[in-house]
Amino acid sequence: MIPTRYFTTLLLSLVLLSPLGIDLFLPTLPQIAEGLRTPVNNIQLTIPLFLLVMGIGQLISGPLVDNYGRKPIALLGLVLYLLGSASAALAINWPLFLMARIIQGMAVCCTAVVAFSGVRDRLEGDDAARAYSFLNGSLNIVPALAPLLGGMLAHSWGWRAPFWFLFIYALVLMIVIYRWLPETRPATTQRSAIFPVRTYVTIIKQPTFLAFTLAIASALGMVLTYVSLAPIVLMEQARLTPFIFSIIFGVNGLWIMVASAVANRIIQKCGRPFCLMLGALSMLGAGGIILIEPYLLAPAILAHWLSYMFPVAVAVAGLAFIMGPATSYALAPFQQNAGVASALLGFIQMAGGAGASLIILLLPLAPFTALGGMMLLGGMLAGLAWLTSLKIKGVLTSLRSTRSE
């Protein structure tokens with residue numbers, strides 16, 4: 001059995017396929033549109049479509065992971081990723097590029113479920129929470145650095161180069177996974193239908209699962225709202241150049257990594273409930289700050305980028321304290337169907353977070369008000385998760401006993 005740190009790194013390499021598939025080609029959107037002779041809006045459409053396919057696809061890949069094992073589905077996902085990346089790099093028109101992006105979305109729904117199921121298979125309690133925090137925290141380096149890498153590749157070899165990079169990354173990763181990733185599916189794993197509606201309903205009826213999953217979804221919704229509003233607030237209102245904007249955006253990603261590392265240590269010393277409480281307080285505090293700033297600050301000060309990014313930094317620190325503990329608590333009772341539970345969590349996280357963000361962005365609200373509303377929602381749901389965690393020990397024992405009967 002490989003050491004836990006190497007095992008977690010292998011899982012991280014699988015998780016990175018998703019953000020790389022979104023962020024690496026962002027600087028090349030205009031060039032892709034020009035090369036394929038299609039409006040840039042069509043290329044932008046592939047980003048939410050990628051996420052939608054990933055979210056819905058997990059509802060199918062989860063049962064496959066439980067039925068056929070973690071490693072075979074990981075390899076299947078990598079084969080699809082190779083196919084999608086090569087198809088995008090070779091696309092000569094918009095329909096072919098769209099199909100390539102859909103295939104990539106199908107691929108990452110397999111690899112993401114394998115990664116989070118693998119943590120559940122091998123780790124429990126605080127150890128699992130630290131692993132989930134590591135995975136979620138490390139993901140933030142990709143938005144910080146991937147656009148820069150993609151821009152450099154495109155500058156040297158054209159807009160197709162980032163997709164060839166993804167192809168090479170997936171090819172190397174497939175060899176590594178085939179050679180070193182152990183199969184971790186427990187012998188007691190329950191087989192299920194390809195789309196196990198009854199199992200999904202049973203899981204979602206568990207109040208504990210729902211409390212922690214909604215906390216995760218709302219935190220993701222806050223991040224999506226921040227990312228969507230950032231170009232308007234920072235470049236149009238604060239008058240930052242695209243270069244300075246990318247630096248601030250990247251530094252915030254690195255800040256989340258630091259906060260995640262701190263959260264890992266606090267989990268070990270103070271426990272998961274304490275981290276959830278800190279996360280809830282951070283989100284609520286950030287929401288209060290950004291909502292009151294327009295009434296307290298002079299217009300010149302309010303227009304400064306720090307008036308937006310300071311509460312964002314507080315909120316994303318809270319995100320780092322929420323994600324690991326909430327994920328570990330949500331999946332803890334489902335050892336016998338970890339793949340299905342991980343898939344359902346991923347679907348609710350993505351669909352719920354994206355849906356909440358979309359709704360609040362469609363409302364006629366000022367950027368600070370919209371983001372503050374999402375921060376308060378995230379803080380309240382994280383507070384509910386914290387209260388649930390205080391009672392969780394007996395509940396989990398009961399759930400495990402029920403499944404063993």
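Which helix gives the most to the nonpolar patch? Let me start there, keeping in mind that this is a predicted model.

1. The answer is helix 10 (residues 197–204), which contributes 3 residues to the patch. The patch as a whole covers about 470 Å² of surface and is made by I60, I194, F195, V197, V201 and I204. One of these, I194, sits in the loop between helix 9 (161–180) and helix 10. With a relative accessibility of 43%, I194 counts as partly exposed, because that class runs between 20% and 50%.

2. Now for the charged side chains. The whole structure holds 2 salt bridges. In one, R70 meets D66 at 2.9 Å, N to O. R70 also pairs with D121, where the closest N and O atoms are 2.7 Å apart. R70 belongs to helix 5 (residues 70–90) and D121 to helix 6 (residues 94–122), so this pair ties together parts that are 51 residues apart in sequence. Through shared partners, D66, R70 and D121 join into one network.

3. Do take a look at helix 15 (residues 306–331). Its 26 residues reach 37 Å from first C-alpha to last, close to the expected 38 Å. Helix 15 has a kink of about 25 degrees at I322, shortly before the proline P325. The helix is mostly covered, with 22 of its 26 residues buried.

Terms used. Residues are numbered from 1 along each chain as its sequence is written. This is a predicted model: local features need pLDDT of at least 70, side-chain atom pairs count only at pLDDT 80 or more; totals for chains, interfaces and linings use all residues. Side-chain values use heavy atoms; hydrogens and water are left out. Helices (H or I, at least four residues) and strands (E, at least two) are DSSP runs, numbered from the N terminus. The expected span of a helix is 1.5 Å times one less than its number of residues. The bend at a residue is the angle between axes fitted to the seven residues ending there and the seven starting there. Buried means under 20% relative accessible area, exposed over 50%, partly exposed in between (1.4 Å probe, protein chains only). Patches are made of residues with over 30% relative accessible area and no salt bridge: like charges are joined within 9 Å, nonpolar side chains (Val, Leu, Ile, Met, Phe, Trp, Tyr) within 5 Å. Accessible areas come from the Shrake-Rupley method with a 1.4 Å probe; for residues, only the protein chains shown count as cover. A salt bridge is a side-chain nitrogen of Lys or Arg within 4 Å of a carboxyl oxygen of Asp or Glu.
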